[in-house]
Amino acid sequence: MTGSISLADKLATFEDHWSPRTVTTFNDCDVMVVKVKGEFTWHRHEDTDDFFLVLKGNLDIELRDRTVTLGPGELYVVPKGVEHRPVAREEVHLLLIEPTGTPNTGDKATAAKRKLA
(Lines give C-alpha, C1' and ligand atoms only; values in the text may rest on other atoms or scores of the structure.)
Protein backbone atom coordinates (compact mmCIF):
# COMPACT_ATOMS: atom_id res chain seq x y z
CA MET A 1 0.00 0.00 0.00
CA THR A 2 1.27 3.42 -0.87
CA GLY A 3 -1.33 5.47 1.02
CA SER A 4 -4.51 5.40 3.01
CA ILE A 5 -7.78 4.01 1.70
CA SER A 6 -11.03 5.93 2.01
CA LEU A 7 -13.84 3.43 2.49
CA ALA A 8 -16.41 6.13 1.67
CA ASP A 9 -14.65 6.84 -1.63
CA LYS A 10 -14.56 3.13 -2.49
CA LEU A 11 -18.27 2.73 -1.65
CA ALA A 12 -19.07 5.70 -3.90
CA THR A 13 -17.70 3.87 -6.94
CA PHE A 14 -20.62 1.41 -7.24
CA GLU A 15 -24.37 1.13 -6.65
CA ASP A 16 -25.17 -2.59 -6.79
CA HIS A 17 -26.10 -4.59 -3.71
CA TRP A 18 -24.62 -7.84 -2.38
CA SER A 19 -21.53 -7.49 -4.58
CA PRO A 20 -18.46 -7.09 -2.31
CA ARG A 21 -15.50 -5.06 -3.54
CA THR A 22 -12.01 -5.86 -2.31
CA VAL A 23 -10.18 -2.71 -1.21
CA THR A 24 -7.00 -4.37 0.04
CA THR A 25 -5.62 -7.66 1.33
CA PHE A 26 -3.65 -8.65 4.39
CA ASN A 27 -2.49 -12.00 5.79
CA ASP A 28 -4.23 -13.89 2.96
CA CYS A 29 -7.53 -12.12 3.70
CA ASP A 30 -9.65 -9.80 1.58
CA VAL A 31 -10.81 -6.56 3.18
CA MET A 32 -14.02 -5.66 1.37
CA VAL A 33 -16.77 -3.07 1.31
CA VAL A 34 -20.29 -3.91 0.22
CA LYS A 35 -23.70 -2.27 -0.03
CA VAL A 36 -26.59 -4.48 1.00
CA LYS A 37 -30.36 -4.12 0.89
CA GLY A 38 -33.05 -6.74 1.40
CA GLU A 39 -32.48 -10.34 2.42
CA PHE A 40 -29.48 -12.46 1.54
CA THR A 41 -29.75 -16.23 1.27
CA TRP A 42 -29.47 -18.50 4.30
CA HIS A 43 -25.95 -19.94 4.23
CA ARG A 44 -23.00 -21.10 6.30
CA HIS A 45 -19.23 -21.13 5.94
CA GLU A 46 -17.88 -24.50 6.99
CA ASP A 47 -14.22 -23.46 7.17
CA THR A 48 -14.18 -19.84 8.32
CA ASP A 49 -15.92 -17.32 10.55
CA ASP A 50 -17.91 -14.50 8.90
CA PHE A 51 -16.96 -10.93 9.96
CA PHE A 52 -19.42 -8.01 9.60
CA LEU A 53 -18.69 -4.37 10.57
CA VAL A 54 -21.47 -1.86 9.91
CA LEU A 55 -20.25 1.44 8.48
CA LYS A 56 -23.69 2.94 7.73
CA GLY A 57 -27.26 1.84 8.48
CA ASN A 58 -28.62 -1.05 10.53
CA LEU A 59 -28.18 -4.73 9.79
CA ASP A 60 -29.95 -7.77 11.18
CA ILE A 61 -28.01 -11.00 11.12
CA GLU A 62 -30.61 -13.71 11.45
CA LEU A 63 -29.48 -16.93 13.08
CA ARG A 64 -31.75 -19.93 13.44
CA ASP A 65 -32.25 -19.23 17.17
CA ARG A 66 -32.04 -15.42 17.36
CA THR A 67 -31.35 -12.17 15.49
CA VAL A 68 -28.30 -9.97 16.11
CA THR A 69 -28.94 -6.31 15.25
CA LEU A 70 -25.98 -4.06 14.41
CA GLY A 71 -25.74 -0.30 14.00
CA PRO A 72 -22.91 1.91 12.73
CA GLY A 73 -19.59 1.07 14.32
CA GLU A 74 -20.80 -2.32 15.58
CA LEU A 75 -19.48 -5.69 14.48
CA TYR A 76 -20.39 -9.32 14.79
CA VAL A 77 -18.55 -12.50 13.90
CA VAL A 78 -20.67 -15.47 12.87
CA PRO A 79 -18.79 -18.61 13.94
CA LYS A 80 -17.86 -21.06 11.20
CA GLY A 81 -20.54 -23.62 10.46
CA VAL A 82 -23.39 -21.46 11.83
CA GLU A 83 -26.25 -20.88 9.40
CA HIS A 84 -27.12 -17.19 9.04
CA ARG A 85 -28.81 -14.63 6.81
CA PRO A 86 -28.00 -10.89 6.71
CA VAL A 87 -31.07 -8.67 6.30
CA ALA A 88 -31.04 -4.92 5.57
CA ARG A 89 -34.38 -3.09 5.63
CA GLU A 90 -32.67 -0.05 4.04
CA GLU A 91 -29.30 0.23 2.31
CA VAL A 92 -26.45 -0.68 4.64
CA HIS A 93 -22.71 -0.26 4.07
CA LEU A 94 -20.44 -2.94 5.51
CA LEU A 95 -16.79 -3.79 5.90
CA LEU A 96 -16.12 -7.52 5.53
CA ILE A 97 -12.93 -9.46 6.17
CA GLU A 98 -12.61 -13.02 4.83
CA PRO A 99 -9.83 -15.36 3.77
CA THR A 100 -9.17 -14.78 0.08
CA GLY A 101 -11.34 -17.07 -2.04
CA THR A 102 -14.12 -17.55 0.53
CA PRO A 103 -17.44 -17.78 -1.35
CA ASN A 104 -19.96 -15.25 -0.01
CA THR A 105 -22.75 -17.85 -0.08
CA GLY A 106 -20.61 -20.61 1.40
CA ASP A 107 -20.87 -22.41 -1.98
CA LYS A 108 -18.46 -21.67 -4.84
CA ALA A 109 -21.16 -22.52 -7.41
CA THR A 110 -23.50 -19.73 -6.23
CA ALA A 111 -20.98 -17.19 -4.94
CA ALA A 112 -20.58 -13.68 -6.36
CA LYS A 113 -17.35 -13.15 -8.25
CA ARG A 114 -14.89 -10.96 -6.38
CA LYS A 115 -14.39 -7.46 -7.72
CA LEU A 116 -11.88 -4.76 -6.89
CA ALA A 117 -13.00 -1.35 -5.68
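**Salt bridges and burial in a predicted model**

Q: Why is Asp65 called exposed?
A: In this predicted model, Asp65 has a relative accessible area of 63%, and because exposed means over 50%, Asp65 counts as exposed.

Q: What makes the contact of Asp65 with Arg66 a salt bridge?
A: The side chains of Asp65 and Arg66 meet at 3.4 Å, N to O, and since the definition asks for a side-chain nitrogen of Lys or Arg within 4 Å of a carboxyl oxygen of Asp or Glu, the pair qualifies. Arg66, for its part, has a relative accessibility of 42% and is therefore partly exposed, the class that lies between under 20% and over 50%. Elsewhere, salt bridges with shared partners join Arg44, Glu46, Arg64 and Glu83 into one network, and the structure holds nine salt bridges.

Q: How do you know whether Arg21 is buried or exposed?
A: Arg21 has a relative accessibility of 10%, and because buried means under 20%, Arg21 counts as buried. Its salt-bridge partner is Asp16, with the closest N and O atoms 3.1 Å apart, and Asp16, at a relative accessible area of 30%, is partly exposed.

Q: Which parts does the salt bridge between Asp60 and Arg89 tie together, and why are they called apart in sequence?
A: The side chains of Asp60 and Arg89 meet at 3.2 Å, N to O; Asp60 lies in strand E4 (residues 59-63) and Arg89 in strand E7 (residues 84-99), so the pair ties together parts that are 29 residues apart in sequence. Asp60 is buried, with a relative accessible area of 13%, whereas Arg89, at 58% relative accessibility, counts as exposed.

Key:
Residues are numbered from 1 along each chain as its sequence is written. This is a predicted model: local features need pLDDT of at least 70, side-chain atom pairs count only at pLDDT 80 or more; totals for chains, interfaces and linings use all residues. Side-chain values use heavy atoms; hydrogens and water are left out. Buried means under 20% relative accessible area, exposed over 50%, partly exposed in between (1.4 Å probe, protein chains only). Helices (H or I, at least four residues) and strands (E, at least two) are DSSP runs, numbered from the N terminus.
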